[in-house]
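Good morning, and thank you for making time for this presentation.

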Amino acid sequence: MRVVVVFFTLALCAATWALDNGLMRTPPMGWLAWERFRCDIDCDNDPKNCISEQLFMDMADRLSEDGWRELGYVYVNIDDCWSSMKRDAQGRLQADPKRFPGGIAKLARYMHDRGLKLGIYGDMGTHTCGGYPGTTLDTITLDAQTFADWEVDMLKFDGCYSNATEQAQGYPSMSKALNATGRPIGYSCSWPAYQGGLPPKVNYTELGQICNLWRNYGDIEDSWGSVLSVADWFFENQDILAPAAGPGRWNDPDMLVIGDFGLSMDQSRSQMAMWAVMAAPLFMSNDLRTISSGARTILQNKMLIGINQDPLGVQGIRILKEKSGIEVFWRPLSAGASALVFFSRRTDMPYRYQSALSKLNYTSGRYQVHDVFSGKTDALKDSTPFVVSVNPSGVVMWHVSAPAADKPRLHTGGKLRGPAYYRHDDNNNDLPPAFL
Ligand code: GLA
């Protein structure tokens, strides 16, 4: 009898603690309103750009008709400023009646009819960051149920207007409440962003158990300076962040601003390459109705998306910072393949960077190298010197195959040495390789 009781107690603990929604085994992809459309609620004067059901329907049309959905961009996510300033008579959150006349449930149906998913925004606190009604500890269950009743597929749970104690209670409680609805709802937690993003305050093991993704850092904006400062923070703290990521649990460096106003084509390729190496969620915040074909080509690059979506789910890292201003990033992929990014911080001219795969710690062998942006393919031995020409604030990005033996082997006794990629910590989290 005691054994049975212990078993059930353990099972119950597991059921209540693990975010066992089976979602987001690879980083989620889609579109998110905030960076591009902010809190524009002036539908009278700016009907095309205001936060309204029409905006989300327009984006859904583009995602489903312009080839995005097939590539994996399936989430259409509402951010702040969607709700009415008042809860309804039953105390439930409700959409602004003028801007969302059909309500959120109808919008969710619109997405589902097109093979898309709807995300919504809430806030652990008295108000959202934009001043709309928030979710306090006493309304968590009700709000989770409301989102589930509307058939919403994802929740971004922000953290304005709450203190550390409330957040420590609220974020796990919302996870449990979402699980308890029985509807799989992807859960994005902004909690670490409100704790400074780093230990000792952030417990990434706990986050991995309760959230599918989490914002660690400040908001991205539409400028290269902003994109670079976000990327720098993530790579500077990679020893803490990379082990936290894995299938179903991702660090979120925030939205892609490719297709907006602030980035050149080279910088757009850089953001895409770095986000792919980081195994970051790919949420575009741009206007898909008017996006340039250049930006679209970058965002729709299949090999790049394949790297981002690699099923191994290991977050890549910076492996070299050269005096020349060149940095090299690396991400191990499934089946012994990998991705390499050569990035230039220079501001003068394309830099001819010379290296060899052996210098980047690749094991001996022959490799197939695909240039992700030019589409060119090359065979390269680990020891063969190569030169990549990297534009100022631009990248060269490679997909590198698993190594084949240098020379044909006459006997099959020895196994090929794969790249010595990962170590695991006691919790079986992937750790960056020891050679760094
Ligand atoms: C915070 C978040 C942003 C956005 C705004 C909305 O700043 O970090 O991503 O959701 O709130 O007000």
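Across which strands does helix α11 lie? Helix α11, residues 265–277, lies across β9, β10, β11 and β16, and it runs at about 35° to β16. Please bear in mind throughout that this is a predicted model.

Let us turn to the sheet itself. It is an open sheet of 6 strands with antiparallel pairing, in the order β9-β10-β11-β16-β13-β14. Strands β9 (317–321) and β14 (377–381) are at the edges; each has a single partner strand, so one side of each is left without a neighbour in the sheet. From one strand to the next, the twist averages 25°. As for the pairing of strands β13 (residues 366–371) and β16 (residues 395–400), these run antiparallel and are joined by 3 bridges. Within that region, Val 369 stands opposite Val 400 in β16. Another helix, α9, lies across β9, β10 (326–332) and β11 (338–344), and runs at about 100° to β9.

I move now to the nonpolar cores. The largest has 109 residues, and Trp 31, Phe 56, Tyr 73, Trp 82 and Trp 275 have the most contacts inside it. Helix α9, residues 224–236, supplies the largest share of this core, with 8 residues. At least three residues of the core come from each of domain 1 (2–8 + 315–435) and domain 2 (18–308). A second, separate core has 21 residues, including Ile 317, Tyr 367, Leu 380 and Phe 386.

Next, I would draw attention to helix α3, residues 53–65. Is this helix largely enclosed or largely open? Of its 13 residues, 10 are buried, so α3 is largely enclosed by the rest of the structure. Among the buried residues are Phe 56, Asp 58, Asp 61 and Leu 63. The elements against which the buried residues of α3 pack include β1 (29–32), α5 (103–113) and β8 (282–284). After α3 comes Gly 67, with a positive phi near 85°.

Finally, consider Ser 175, which is placed in helix α7, residues 164–181. Its relative accessible area is 2%, which means that Ser 175 is buried. Along the chain, Ser 175 and Asp 20 are 155 residues apart, yet their C-alpha atoms are separated by 9.8 Å.

Technical notes:
Residues are numbered from 1 along each chain as its sequence is written. This is a predicted model: local features need pLDDT of at least 70, side-chain atom pairs count only at pLDDT 80 or more; totals for chains, interfaces and linings use all residues. Side-chain values use heavy atoms; hydrogens and water are left out. A nonpolar core is a set of buried Ala, Val, Leu, Ile, Met, Phe, Trp, Tyr and Cys residues joined through side-chain atoms within 4.5 Å. Buried means under 20% relative accessible area, exposed over 50%, partly exposed in between (1.4 Å probe, protein chains only). Helices (H or I, at least four residues) and strands (E, at least two) are DSSP runs, numbered from the N terminus. Domain bounds come from an automatic or database domain assignment. Two strands pair if DSSP finds at least two bridges between them. Axes are lines fitted to C-alpha atoms, for helices over the stretch in contact, and angles run from 0 to 180 degrees between N-to-C directions. Contact means heavy atoms within 4.5 Å.
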